[in-house]
Amino acid sequence: MESVSSYRRHVALLMMLPLVMIFEFSCWLTPVLNSKLPQTAAAAAPSFNGCRFSEADCLALNSLTLDGHLSFRHTSLGAEDFGRMISHPPAAILYPRSVADIAAVVRVVHGSKSSITVAAKGPGHSVNGQGQAPNGIVIEMAALKGIRVNALDNYVDATGGELWVNVLEASLEEGLSPRSFTDYLYLSIGGTLSNGGISGQSFRHGPQISNVLQLEVVTGTGQIKVCSARRNSDLYFAVLGGLGQFGIITKARIILQPAPQKVRWIRALYSDFEAFTRDQLFLISQRSNQSSSASFDYVEGFVVHNSLHSQLEWKSALFQSESIVNTSLIPPYSASPVLYYIELTKNYDVTESKESVDEKVMDLLAPLSYISSFLYSTDVTYYDFLDRVHKTEMALKARGEWDVPHPWINVMIPQSKIVEFDNYVFRQLLRTGITGPVLCYPHNKEKWDSRTSAVVPEEEVFYVVALLQSALPDSGPSLMTLMKRNEMILDYCETLGCKQYLPRYTELSDWERHFGDGWTKFLTNKIRFDPQGILAPGQNIFPRGGLVPRPSALAAAGRQRV
């Protein structure tokens, strides 16, 4: 009985996140559980500071003059991540103190005749070993620090290993802020820009990859390149959303805007999915060339279980613990096994009166169809809203419930298929319970720059659904149960024309299908910028050693396993 109670408390605490927790997994790629591990650490040289590569590689690496240092000991540190499901230690870890350090090591690996690979690693918030390089070299990007705010021209330069929370704090000192965030701020700049970087601001400003002016990149040949939409543009657009396949982001120039001081944070409850999605679509349509006062500044949504055993789950989404909840207004489980919340914010400054903020918010809420009397709000600082997930992280760590396996999946679903998805996944597969936050909110495709490597569904509006699950050791579904359910969901999504966000595949043909018409361009960029296939081995797309397939060979590749 105690384990069940502990499990429910864990789920309830997760639901208090503000359930908007898409981790952008601050590494450069997304590997798969069944990836083949390269055998690079054989034929060890006996006397090179513990180096386990070939004698030639150890000589080359140890002869480098670095500002930082390359360690061949305690390499298990390079195999830790948030997912707690995969751990493949590298044979070495680079702690760079300069971009030149990174370029020098990459050049050695590029020229090696063995199968050494390189992975850039941020703070380790991946779920499938994304920042790992089995028997290769992991670059600890956090060792390379640097943030410079240009308040005159409204941008900030930050190194690839810096965290978004540090960029936010430095920008706020100048009264500025990045326009687009992830829901968790303790992710690296380079990690989210290698994937996309999404949250509730994306409907207006696009993902983080649409809010970058310039990059500094170390390519797979060890070249240091500065790139933008006008300079080395092929590399610039390839790297943004490129899953780390074309270069290591060592610096990014990010757009800033004036920062608000306060936020009205709102949640509205729905039992009808069509009303929930209809209102979300209305809200994200209120953004084109309008003043900021004419729409909300953040639009997300999440799904919670609806049963007598899980009332704590949806009640915990309320802001006031003392709130009086009239459960008679909630449909029975038999009619609605899950409930839905829309989550919104309205930014304002401290000079604005409460009455003025109330009036603006109620005008914006008037067209919506949430359940009467189930509207909850609170006022917090802009920083506290953006940093909200971190507080729950600290609470879970204190209870020993943070460092557990996290079999997360994220899918992008065409708008025309989201009701079908609800009927099968939310109302059937998840009807027995939800083991963590489940996000569900729409995006405008026009806000995603089609020149980047990021892949989204074909329709002009698509939904992101994120199942952010935890596998507790003593209660709730087992890790294997959750992983099997994930596979059922992903298989079903294939029939709907979905795309995976942070994709994971094991076969070349699956990657080709994922990228669709963009596959040839993706392949061409790989040949151009990382011809030996040394970067980001965890994604399991291309083999190491110059065996990257040419576009003409794709037809013969078939179902070849990579």
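Searching the whole structure turns up 25 aromatic pairs (rings of Phe, Tyr and Trp, the last by its six-membered ring, with centres within 6.5 Å; planes under 30 degrees apart are stacked, over 60 edge-to-face, the rest tilted). This is a predicted model, where local features need pLDDT of at least 70, side-chain atom pairs count only at pLDDT 80 or more, and totals for chains, interfaces and linings use all residues. Residues are numbered from 1 along each chain as its sequence is written, and side-chain values use heavy atoms, leaving out hydrogens and water.

Here are two of the pairs:

| Pair | Centre to centre | Angle between planes | Type |
|---|---|---|---|
| Phe82 and Trp402 | 5.0 Å | 55° | tilted |
| Trp519 and Phe522 | 6.1 Å | 15° | stacked |

Phe82 sits in the loop between strand 1 and strand 2, and Trp402 in the loop between helix 12 and strand 15, so their pair ties together parts 320 residues apart in sequence (helices are DSSP runs of H or I, at least four residues; strands are runs of E, at least two). Phe82 is buried at 4% relative accessibility (buried means under 20% relative accessible area, exposed over 50%, partly exposed in between, with a 1.4 Å probe and protein chains only).

Trp519 and Phe522 are three residues apart in helix 16, about one helical turn. Both belong to a cluster of linked ring pairs that also includes Phe246 and Tyr505.

Lys526 is in helix 16 too, and is buried at 1% relative accessibility.
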